[in-house]
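Good morning, and thank you for making time for this presentation. Please keep the sequence and the structure in view while I speak.

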Amino acid sequence: MSFISGYLLSVIGVVLISAVLTALTPNGKTAGLIKTLTRLACILIIISPIPNFLKGKTDGSSIFENFLGNSVIETDEAFIEYYRKLRVESAEEKLEQELLEKYDEACVVSLIWQADDETGDIQILAVRVTTETPLETEVKREMSQYISKNYCSEVLIE
Amino acid sequence: MKKSLQKYCKRQGKKPKKSFLFILIFISLCIFILPVFSVAFVQAESVDTSAQTQLNDTLLQMLNELDLQALEDYVKGLENLDTGSVKERLIAYVKGESFDYANFFANFISVLLKGVGDLLPAFACITAVSLLSGVLGELRGGNAGGTSGVMINLITYVSALIPLLGVLIECFERSVSGVTSMQKQMQIVYPLLLTLMATTGGSVSVAVCKPTVAFFSNVIVSAIVRIVFPLTITIIAFSMAGNLTRELKINKFSAFFKSINKWLIGICVSVFGLFFSLQGITSASYDGIVRRTVKYAIGNGVPIVGGFLSGGYDLAVAGGILLKNSLGNMSIFLLVGVLFEPLVLLLATSLLLRFTSAVTQPFGDSRVSDFLSETADNIQYCTAGLLFTAFLYFLSIVLMLLSSEALL
């Protein structure tokens with residue numbers, strides 16, 4: 001901010017000198033010329049930072065430098081990946097609980113998924129259900145129907 | 001019980017009333033059934049507590065995974081804010097910590113009075129110089145228009161300007177540091193908010209907001225710091241020079257620069273503000289509709305190959321939304337904390353400039369009074385730049401927070 005104080009003091013100084021000169025100059029032909037020159041000097045001093053500013057000489061950096069350079073805001077991809085895994089784990093636990101309540105079967109569910117390229121949403125490609133004991137065909141069919149209705153049509157029951 | 005009741009009635013010579021019997025049966029039923037209900041209530045309460053514990057655990061896990069180091073460093077760097085750890089604050093906001101308005105107002109008044117107190121010597125000096133100038137003018141009598149009179153006026157005017165320069169430089173320093181600090185805050189908070197938006201299903205909103213907030217936090221804020229504030233200094237310099245000597249007619253230059261400032265701020269507020277609001281609202285609605293469509297498809301048994309994961313109540317989503325809202329809340333508190341001091345300084349300076357202008361007007365030359373009044377007007381551009389940045393930042397945070405409401 002030393003620039004601001006320097007600038008304001010230089011403006012005061014030049015205008016003061018201009019006023020003193022104007023006051024001390026005797027009325028005559030040269031008075032008009034002196035007045036015009038001092039006014040010109042004042043205006044030049046006042047507007048001097050503007051062209052310098054645009055050229056980037058004021059504080060060593062251009063006004064437009066980095067104006068658009070850092071204009072990219074990036075999301076935390078590591079956290080998004082962690083969050084997706086958390087959601088998938090949560091969905092797996094939920095489905096295991098549902099299957100236990102509905103078919104009285106303790107199963108291990110794993111969702112095969114990928115992140116959608118455009119939206120980044122979690123896309124379930126298939127549901128793999130592993131049971132401890134072999135299931136009856138009817139139960140297997142019902143379970144498969146239930147999962148394909150609520151989650152995904154690709155169901156693998158092992 | 002019934003026999004004893006019949007005995008009692010026989011003794012009284014009356015038949016037992018049916019209603020009385022019903023009451024007794026009801027009471028005896030209650031004695032047996034209430035414990036069952038109470039067990040059910042206890043179970044429901046334990047289910048609630050377990051869900052809350054799960055949600056808290058999920059939140060803590062997410063907080064540990066989220067990279068908050070930059071925000072932590074930024075908050076530590078703020079001198080006036082003692083908010084403690086960022087994680088602790090975020091958890092406190094999730095739990096619904098209320099804002100102490102009375103304390104805030106008391107702090108505002110105390111900081112304002114302190115600001116006025118700090119500036120008072122400079123303005124007392126200006127008033128004294130102006131009064132002295134008035135007295136000298138009266139003593140000069142009929143020779144006021146001569147060269148010596150002009151010199152005395154010039155010297156008193158410059159003497160009045162010197163203490164004011166310090167105050168003005170302080171105002172600019174605080175304004176620039178306030179806006180720069182807000183810009184830094186935006187560059188830390190926006191990626192976090194956008195990350196949380198992306199995780200909670202606002203993918204379209206993120207795609208729309210990313211370039212918009214990047215444009216705002218870089219281009220528009222830089223325009224305020226690099227164009228509006230320097231032009232304000234130039235306007236003040238023109239005003240200073242114009243009042244120093246009546247010979248120098250440069251008020252049109254001031255008007256030109258004022259016009260640039262007004263247009264720049266006006267265009268940014270109206271165009272960017274409206275455009276961003278509209279984009280934010282429409283993208284949030286789109287995200288909400290997409291989410292509902294997926295829910296509908298799943299809920300109605302439409303077999304989906306490669307269906308999207310969409311649960312009714314998902315702890316991770318709930319945790320993400322709570323965390324995002326809490327972060328937004330914290331950002332607004334940080335914004336107020338950063339904005340507070342420069343705004344109070346500008347307010348105090350503006351008030352004192354107008355007061356000193358009013359006090360000095362009746363004495364001697366009107367140039368000091370005019371300059372003070374004009375400076376009070378010109379310094380409003382700094383206030384406008386500061387408030388404009390804060391307003392757009394606030395608007396962007398609100399839109400980001402509202403984007404998840406459409407998803408619920």
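This is a predicted model: local features need pLDDT of at least 70, side-chain atom pairs count only at pLDDT 80 or more; totals for chains, interfaces and linings use all residues.

Let me begin with a definition: the expected span of a helix is 1.5 Å times one less than its number of residues.

The definition applies directly to helix 4 of chain A. With 27 residues, at 1.5 Å a residue, helix 4 of chain A should span 39 Å, and the 38 Å between its end C-alpha atoms agrees with that. Just after helix 4 of chain A comes A:Asp104, which adopts a positive phi of about 55°.

Within helix 4 of chain A there is also an aromatic pair to consider. A:Phe79 and A:Tyr83 are 4 residues apart in that helix, so about one helical turn separates them. Their rings form a tilted pair, with 6.2 Å from centre to centre and 35° between the planes. Are these two residues buried or exposed? Both A:Phe79 and A:Tyr83 are buried.

I turn now to the sheet of chain A. Three strands make up an open sheet in the order 1-2-3, with mixed pairing. Which strands stand at the edges? They are strand 1, residues 107–115, and strand 3, residues 155–157; each has a single partner strand, so one side of each is left without a neighbour in the sheet. From one strand to the next, the twist averages 20°.

Strand 1 of chain A and strand 2 of chain A, the latter covering residues 122–131, pair in the antiparallel sense over 9 bridges. Strand 2 and strand 3 of chain A, by contrast, run parallel and are joined by 3 bridges.

Helix 4 of chain A, residues 77–103, touches strand 1 and strand 2 of chain A, and its direction makes about 145° with that of strand 1. Helix 5 of chain A, residues 137–150, touches strand 1, strand 2 and strand 3 of chain A, and its direction makes about 150° with that of strand 3. As for strand 2 of chain A, 7 of its 10 residues are buried, so the rest of the structure largely encloses it.

Let us move to chain B. Chain B has 11 helices and 0 strands. Of its 408 residues, 48% are buried. Chain B exposes about 20200 Å², of which carbon and sulfur atoms supply 66%. Among the contacts in chain B with a separation of 6 or more, 83% are between residues 24 or more positions apart.

Over all chains, the structure holds 11 aromatic pairs. The A:Phe79 and A:Tyr83 pair, as I said, is tilted. In chain B, the rings of B:Tyr93 and B:Phe333 have centres 5.3 Å apart and planes at 5°, so that pair is stacked. B:Tyr93 belongs to helix 4 of chain B, residues 86–94, and B:Phe333 to helix 9 of chain B, residues 315–360, so the pair ties together parts that are 240 residues apart in sequence. B:Tyr93 counts as buried because its relative accessibility is 11%, whereas B:Phe333, at 28%, counts as partly exposed. Elsewhere in chain B, one aromatic cluster is formed by B:Phe238, B:Phe253, B:Phe256 and B:Phe257.

B:Asn378 lies in helix 10 of chain B, residues 367–378, and is buried, with a relative accessible area of 1%. What is B:Asn378 in contact with, leaving aside its neighbours within four places in sequence? The residues are B:Thr232, B:Ile235, B:Ile236, B:Ser239 and B:Lys258.

B:Ser130 is located in helix 5 of chain B, residues 101–140. With a relative accessible area of 5%, B:Ser130 is also buried. Leaving aside neighbours within four places in sequence, B:Ser130 is in contact with B:Thr360, B:Phe363 and B:Val368. The C-alpha atom of B:Ser130 is separated by 17 Å from that of B:Val167, a residue 37 residues apart from it along the chain.

Notes. Residues are numbered from 1 along each chain as its sequence is written. Chains are lettered from A and ligands numbered from 1 in the order in which they are written. Side-chain values use heavy atoms; hydrogens and water are left out. Helices (H or I, at least four residues) and strands (E, at least two) are DSSP runs, numbered from the N terminus. Buried means under 20% relative accessible area, exposed over 50%, partly exposed in between (1.4 Å probe, protein chains only). Contact means heavy atoms within 4.5 Å. Accessible areas come from the Shrake-Rupley method with a 1.4 Å probe; for residues, only the protein chains shown count as cover. Two strands pair if DSSP finds at least two bridges between them. Axes are lines fitted to C-alpha atoms, for helices over the stretch in contact, and angles run from 0 to 180 degrees between N-to-C directions. Rings of Phe, Tyr and Trp (its six-membered ring) pair if their centres lie within 6.5 Å; planes under 30 degrees apart count as stacked, over 60 as edge-to-face and the rest as tilted.
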